[in-house]
Amino acid sequence: MLVDVTEEHLRLWAEQLVFARPEPREVFADLVEGLLAGLGRVSGWTLSVRAGHATPDRVQKFLNAASWSADVLRDRVRDYVIAGIGDPDATLVLDDTQVQKKGTHSAGVAHQHCGPTGDVRNSQVMAMLTHAASGGHTFVDRALYLPEPWTGDRDRCRAAGVPDQVGFATKPQLVLGMLERALAAGLPFAWVAADSGYGGPGTAGLAARRPAALRVGGPGGPGAFRPVWQGASAGGGQGR
C-alpha cells in the first residue's frame, strides 16, 4: 500500500458512489477494510466474521442487490490513480485472470483455459488492465469475457444480469476498449506490455491512431510480455 486507508477515505468513497441508504455505505466500508486486511481466505463468511456480522447475508446482499455501480467505482479508482500515483513513465499491463467455478449460472462461466490450474476447466475469465510504475501498481480496469454460447443466449444472459446491449467481444477487443477508456481519461503511461495474445494488429492500430500517447510493447519488443513487478506472469493466451 502506498497510503493508509482511513475511515475518512472510506466515508468519502462511499459518498462518491452515491449509496441511497446508510446500510450499504456501512457494508461497503466493512468490505473494503476486509479486502485490505490480508485475510488468508477471502469469502463472504470471512469478510463478515471480521466485520462482526452474524452471517454473510449483509455482504452478499450488498454485492448482489444493493443499488450501486461497479463502473462508477472503476472510474473513481482510475481517477484516484491519476491524481495520486499516476506516472508518465508507467507501463500499462494487459492480461487476464481466471477463477474456477462450479455450475453453469455465473455470468461467463464456461469450459475454458484456467491459468491457476494450467488446463481447461469450468471457470470465469476477466481481462485486466494494470498501471505499474516505480511507486507501485494497481488495477484500473476490468472486463468480463463472455463466450459466444453466452452472448448467443439472451435469456441466459438476462438471468445472470447481463444487459441486452452487451454482445460478444474477444479478449483483445475487451482490452482495446480498456485502453481507449484509459486514454480518454488521461491516465499517464509510457508503455503497454502484453503477451502475444494481446499485442496484435488491433493494439498496434490504436498506437498508430495515438502515436504520441501509446507505444506498444516496451523494452522487451513489440507484443512481448515484460514483467514489471516480481511474480508477474503472462497467464493469458489460451481460449481467445
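Residues are numbered from 1 along each chain as its sequence is written, and side-chain values rest on heavy atoms, with hydrogens and water left out. Because the model is predicted, local features were required to have pLDDT of at least 70 and side-chain atom pairs were counted only at pLDDT 80 or more, whereas totals for chains, interfaces and linings use all residues.

The chain holds 9 helices and 5 strands, where helices (H or I, at least four residues) and strands (E, at least two) are DSSP runs numbered from the N terminus. Along the sequence these elements follow the pattern α-α-α-α-α-β-β-β-β-α-α-α-β-α. Of the 240 residues in the chain, 35% are buried, a class defined by a relative accessible area under 20%, with exposed meaning over 50% and partly exposed in between (1.4 Å probe, protein chains only). The accessible surface, computed by the Shrake-Rupley method with a 1.4 Å probe and, for residues, with only the protein chains shown counted as cover, comes to about 13100 Å², and 53% of this surface belongs to carbon and sulfur atoms. Among contacts (heavy atoms within 4.5 Å) between residues at least 6 apart in sequence, 62% join residues at least 24 apart.

A nonpolar core is taken as a set of buried Ala, Val, Leu, Ile, Met, Phe, Trp, Tyr and Cys residues joined through side-chain atoms within 4.5 Å. The largest such core has 21 residues, of which Leu 92, Leu 94 and Leu 129 touch the most other members. Two or more residues are given to this core by each of β1 (91-100), β3 (119-133), β4 (136-144), α8 (171-185) and β5 (191-194), and α8 gives the most, with 6 residues. A second, separate core comprises 7 residues, including Phe 28, Val 32, Leu 47 and Val 59. When residues up to four places away in sequence are not counted, the residues touched by Leu 129 include Leu 92, Leu 94, Phe 139, Val 140, Met 178, Leu 179 and Ala 182.

With a salt bridge defined as a side-chain nitrogen of Lys or Arg within 4 Å of a carboxyl oxygen of Asp or Glu, the count comes to 12. Asp 75 is paired with Arg 78, their closest N and O atoms being 3.2 Å apart, and both residues lie in helix α5 (residues 70-84), 3 residues apart, about one turn of the helix. In general, an α-helix has 3.6 residues a turn, so residues three or four places apart point the same way. Arg 78 also forms a salt bridge with Asp 79, at 3.9 Å between the closest N and O atoms. Within this group Arg 78 is buried, at 13% relative accessible area, whereas Asp 75 is partly exposed at 24% and Asp 79 is partly exposed at 37%. These residues belong to a network of salt bridges that links Asp 71, Arg 74, Asp 75, Arg 78, Asp 79, Asp 141, Arg 142 and Arg 181. A further salt bridge joins the side chains of Arg 121 and Asp 119 (3.0 Å, N to O); Arg 121 is partly exposed, at 29%, and Asp 119 is partly exposed, at 29%.

In helix α2, the buried residues include Val 27, Phe 28, Leu 31 and Val 32.
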